[in-house]
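Let's take a walk through this protein together. Have the sequence and the 3D view handy, and we'll stop at a few places along the way.

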Amino acid sequence: MNKALKTALLSASLLFCGATASTLAGAADEPNRAPAARPAAARPGPAPRANVARPTFDGRGQVLDSRYNHGRYYPPAGTARATLPEGYRPYFHGGNRYYFSGGVWYAPRGAGFVVIAPPVGLVVGVLPPYYSTVWFGGVPYYYADNVYYTWQPDQNGYAVANPPSDPDAPADAPSPPPDQPPPPDNGVQNDLMIYPKNGQTKEQESADQFECNNWAKGQTGFDPTQPAGGSAVAGNPDVARSNYDRAMSACLQGRGYQVN
């Protein structure tokens with residue numbers, strides 16, 4: 001074999017050995033390499049929650065009033081109970097007695113009371129504790145428990161009104177109650193105009209009227225919540241009413257009120 005051929009074979013052997021050593025070294029280093037980061041799988045987000053409708057009944061037999069988004073529960077008409085709820089207010093209209101509490105109206109029935117729809121025209125001093133204000137034809141209605149009320153300035157109160165001609169039609173924009181609401185409803189029905197002179201709160205004014213009413217009734221026997229002043233009135237009920245008004249005025253004036 002000549003010298004040139006031997007030189008070529010030796011060079012080829014050296015190149016082959018070098019490539020093999022390089023491959024083995026790379027394989028030896030492979031376990032020390034950090035594994036390539038795998039793309040994280042996308043996690044599904046929470047499924048959108050469907051709007052859950054409020055139940056029609058609240059578990060106590062009361063029915064949801066959802067008209068105008070009112071969202072309050074009331075006992076249905078015809079519900080009977082043995083006693084009236086605490087804090088009720090008595091009213092007399094059309095020769096009949098009615099009771100009002102929490103937006104619900106009651107009437108005597110046998111030995112107990114029953115939930116009723118109040119008669120149109122019955123006037124209350126203040127609105128129910130929860131009400132919705134809606135406008136129809138430019139007139140504001142105050143709504144609660146399927147009853148509509150309208151402000152009656154000549155009576156200084158809110159009267160039960162007939163429903164609008166199409167109560168399910170879209171109502172106009174809501175509005176707040178009148179700027180000058182009537183005196184607080186303390187169960188006393190009188191014709192006196194009472195103004196606090198010493199900064200009395202509405203709660204104090206209501207309590208004072210209630211206590212003065214009880215005192216004036218005891219002094220005169222006249223009850224303004226009873227027809228003709230009640231059975232204790234003898235003779236002319238107009239005279240008895242005048243005596244009651246004078247007694248009521250004297251009591252309120254002594255507590256820091258102006259009475260007209």
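What follows is a tour of a strand, a disulfide and one alanine. Keep in mind that you are looking at a predicted model.

Start with strand S7, which covers residues 112-116. Is this strand buried or exposed? A residue counts as buried when its relative accessible area is under 20%, and 5 of the 5 residues of S7 are buried, so the strand is largely enclosed by the rest of the structure. You can see this on either face: Gly112, Val114 and Ile116 are buried on one side, and Phe113 and Val115 are buried on the other. In other words, both faces of S7 are covered.

Now look at the strands that pair with S7. Strand S6, residues 104-109, runs antiparallel to S7, and the two share 5 bridges.

Next, jump along the chain to the cysteines. How many disulfides does the model have? The count is 1, and this disulfide links cysteine 212 to cysteine 251, with an S to S distance of 2.0 Å. Cysteine 212 sits in helix H2 (residues 202-220) and cysteine 251 in helix H3 (residues 237-254), so the bond ties together parts that lie 39 residues apart in sequence. The torsion about the S-S bond is about -75°, so this is a left-handed disulfide. Both ends are tucked away: cysteine 212 is buried at 0% relative accessibility, and cysteine 251 is buried with a relative accessible area of 14%.

Stay in helix H3 for the last stop, alanine 240. Its relative accessibility is 10%, so alanine 240 counts as buried too. Which residues does alanine 240 touch, leaving aside its neighbours within four places in sequence? The answer is Phe222 and Val233. If you turn to glycine 229, 11 residues away along the chain from alanine 240, you'll find the two C-alpha atoms separated by 7.7 Å.

How values were computed: Residues numbered from 1 in each chain as written. Predicted model: local features only at pLDDT ≥ 70, side-chain atom pairs only at ≥ 80, totals over all residues. Heavy atoms only, no water. Disulfide = S-S within 2.5 Å. Helix = DSSP H or I, 4+ residues; strand = E, 2+ residues; numbered from the N terminus. Buried < 20%, exposed > 50% of the residue type's maximum accessible area, 1.4 Å probe, protein only. Pairing = 2+ DSSP bridges. Contact = heavy atoms within 4.5 Å.
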